[in-house]
Amino acid sequence: MYRYDEFDHTFVRERVAQFRDQTLRRISGELTEDEFRPLRLMNGLYLQLHAYMLRIAIPYGTLSSKQMRQLAFIGDKWDKNYGHFTTRQNLQFNWPKLEDTADILQALADVEMHAIQTSGNCIRNVTADHWAGVAADEIEDPRPWAELLRQWSSLHPEFCFLPRKFKIAVTGAEADRAAVAFHDIGLKIVRNADGEAGFQVLVGGGMGRTPMIAKVCRAWLPKGELLSYIEAVMRVYNLYGRRDNKYKARIKILLHEEGDDVFRKMVDEEYEKVKAAGGVSHLVPEKEIARIETYFAPPIYDALPDEDAQLTQHLRANSKMARWYEVNCAKHKQRGYTIVNISLKPEGGIPGDATSDQMRAVAGIADKFSLSEIRVSHAQNLVLPYVRKKDVVAVYHALEKYGMASANLGLVTDIIACPGLDYCALATARSIPIAQAISKRFEAPERQKQIGDLAIKISGCINACGHHHAGHIGILGLDKAGKEFYQITLGGSADEHASIGTIMGPGFSDAEVPTAIEKIVDTYIGLRQPGETFLGAYRRLGAAPFKEAIYAQAAE
Amino acid sequence: MAVKKDVRQVLTANLLKDGLVVFMTDGAAWSPWIEDAAIATSKESALELEGRGNIAAKANVVVGPYLIDVIEENGRPRANLIREHLRTLGPTVRTDLGKQAERAAGGSGQGGAFI
Amino acid sequence: MPLIKNGHYIDDAYIRIEGEAPVPDDGDVLVDAVRLKDDTAVLRPRQGKLGVLLMNTVDAEELVPHLSKLALVALEFPQFHDGRAFSQARVLRHTLHFKGEIRATGKPMADQAGHLVRCGFDCFETNTRQPLDVWQRALDAVRGVYQRDYAGLGDVVRKDL
């Protein structure tokens, strides 16, 4: 993975010192809260319901074991011994003190991490396919470009005071595991007719109160032109994006109001100007991208048989482990290796939370069995990308010891949930208790297996951090006269066939939600054709049978 | 919605230095416990509380003070809205953390830590 | 409001000509950009420099026909977080190669000093709570720049990028 050089180190250290100065100026009163708020947000520091919250960037979800250990250390020293992995592949601490924040950032800088631009109206942490570099279906590892984007967007002189936040996601694979169509800019590595790899550039996707699927702005862009082209998109957005209404300020609204063709023309014209402006070439210097690429070169793999005889034997003897292997381990591009997905969704647990002890355990396992590398997925799970099949048994037992061997990846209990009203100042209702109740309801492994692929996603407010619009089943928590209630959507999807869920009808109380979900699931099982997934069945059948199932009783 | 017969409001904020939730007391100090909060029973007294809160915000002691509606339950104020009630407890999914945990350990009410 | 340029407070040499008020025969004047379009008197040969105030809703390209006659373009920050002027300055400097003064007016913040300088601003309006030394400190805070052609004076640019 990428390692900081002297320039990167200096940059992050200076940024920490600058934030320390800003914090002191705030505490002394030199800065008012109104002035300080955007400055602290640009370093990921929020004021939430119970305390401050610090959001730490995990660029494109790649993390070393050393970094993971440092996160555990920070959790123990300055927080309450745990952290929360988010849908943007970040980590949040829920209880830091303002006075300690600069020390925390310094501790992060020591391991080449930061919290730069994890909030605020700027380009946020760039996310990527969490299986980048190891997925069997990948065209190219997108992470060198994600790292380039991380550097390029850091304290960008022109684009740190945008109309609204700006999110970029990158994937290099056929299957979209990074939800690129739901980003302000989604980048997908594709081949053109000549077989050359370039970027398909999608613009204007997003969730929030006006969910939209991104539009293709460039079908194929030479990779070297990436930064200049994005500069053009960003300038058009910075100059013409709406600033009169924060709910209409995202780039998706500009694109929608101008129309796809006009917007594309605006970008193309600006891009021509960028290219013509002279000075430095508009191309990313090959030397620089080559420098970054060396950090992401594939490791030297052991030459192994595709199947490990001992593993096969163990799996035959231990059905629980066999099930976990089948559900949580994915096909690796290298023979004899597998991608181990660690579920942070124990039945009835808090989605995405990990204790410092668990973080250290994962770091230790990664050191022993995964070349000291870990990934964070936008589904709030962790990944060990380089596990030899012959080590799978040892990995499984080590995870089991720390309560991290739930065999539910992509199943009904692998629920995405934002922190909701248990932590978040913007939330209108709680998310986590709903996730817990549904998870409990469906905890029987056989039942989960019977149901198959099902993505339930829960947000505690319209901002949609829990990605409810993209859930096969989406749940949105709202407030009605001081009481929590929950709206259900069906048919959303974040993959390469992205779709936005449809609202079923009136909302439910917290106590009613698990039963409503159960009725939806039972309806699916009753009507599905052989091999048909929930999403497939919904797309075939439409909303009617599901609506009938959940509202029938009320009508009686 | 029920007709509001009379005002029952307390003033809340977060402390600047550590972000923790506090309530303004009769003595114009800040307490972590809503039980210690001064209860305004008229529009005038609510405005007065708000004024004192704004002074504390200007003095960089607290951030974003605001009034919240309370009801009295067993003679103690309880926040009306769930959001505000949760601020007096902590995360409901981690009852080992926040005010609810300190309360369980006997930390609440008169005699709690004043700031 | 105090003005900062080249690390010093400066006196504002420009007289602000509000709205349709006549432009005097001498002295440096600052006029609204719309007057360049339809008021030839503004562009007549006269003693003194000409500056324009460009609203942040207007394209910098609109100044192209008169750019050679302008010594100053003042851009506005109605709120410090309204960042349109960053792009306007960038376009003026980088696309249109404007060499005169670009002034940040309204409510720019010292903590934005690095961003302002790298986009091409060289003069800043400030308030009493953010004196010169705060601006200087902000400017010195992070000297490294990842964006190769946005470097201001004295910045260290990411090598090769």
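Across the interface of chain A and chain C, 22 residue pairs are in polar contact, both partners at pLDDT 80 or more (a polar contact being a pair of N or O atoms within 3.5 Å, where within protein one must be able to donate a hydrogen and the other to accept it, and residues adjacent in sequence count only if both atoms are side-chain atoms). Bear in mind that this is a predicted model, in which local features need pLDDT of at least 70 and side-chain atom pairs count only at pLDDT 80 or more, while totals for chains, interfaces and linings use all residues. Residues are numbered from 1 along each chain as its sequence is written, chains are lettered from A and ligands numbered from 1 in the order in which they are written, and side-chain values use heavy atoms, with hydrogens and water left out.

Let's stay with chains A and C for a moment. Here 50 residues of chain A are in contact with 42 residues of chain C, contact meaning heavy atoms within 4.5 Å. About 4000 Å² is buried between these two chains, with carbon and sulfur atoms giving 54% of that; buried area is the accessible area (1.4 Å probe) that two parts lose on being put together, summed over both. On the chain A side, Phe7(A), Pro157(A) and Phe161(A) lose the most area to chain C, together 19% of what that side buries.

Charge shows up here too: the count between chain A and chain C is 10 salt bridges, each a side-chain nitrogen of Lys or Arg within 4 Å of a carboxyl oxygen of Asp or Glu. Take Arg129(C), which forms a salt bridge with Glu35(A), the closest N and O atoms being 2.5 Å apart. As for which elements of chain A take part, α1 (6–28), α2 (33–41), α5 (143–153), α6 (226–240) and α9 (286–295) each supply at least two residues of the side that touches chain C. Helices (H or I, at least four residues) and strands (E, at least two) are DSSP runs, numbered from the N terminus. The largest share of that side, 9 residues, comes from α1(A).

Chain B and chain C do not touch, their nearest C-alpha atoms being 15 Å apart, but 22 residues of chain B are in contact with 30 residues of chain A. The area buried between chain B and chain A is about 2200 Å², and carbon and sulfur atoms give 64% of it. Lys17(B), Ile82(B) and Val93(B) lose the most area on the chain B side, together 25% of what that side buries. The salt-bridge count between chain B and chain A is 0, though 7 residue pairs are in polar contact. Both β1 (9–15) and α2 (82–87) of chain B supply at least two residues of the side that touches chain A, and α2(B) gives the largest share, 4 residues.

Finally, a look inside chain A. Gln67(A) lies in helix α3 (residues 65–78) and is buried, with a relative accessible area of 7%. Not counting residues up to four places away in sequence, Gln67(A) touches Met1(A), Thr62(A), Val111(A), Glu112(A) and Met113(A). Other buried residues of α3(A) include Met68(A), Leu71(A) and Trp78(A).

Terms used: Buried < 20%, exposed > 50% of the residue type's maximum accessible area, 1.4 Å probe, protein only.
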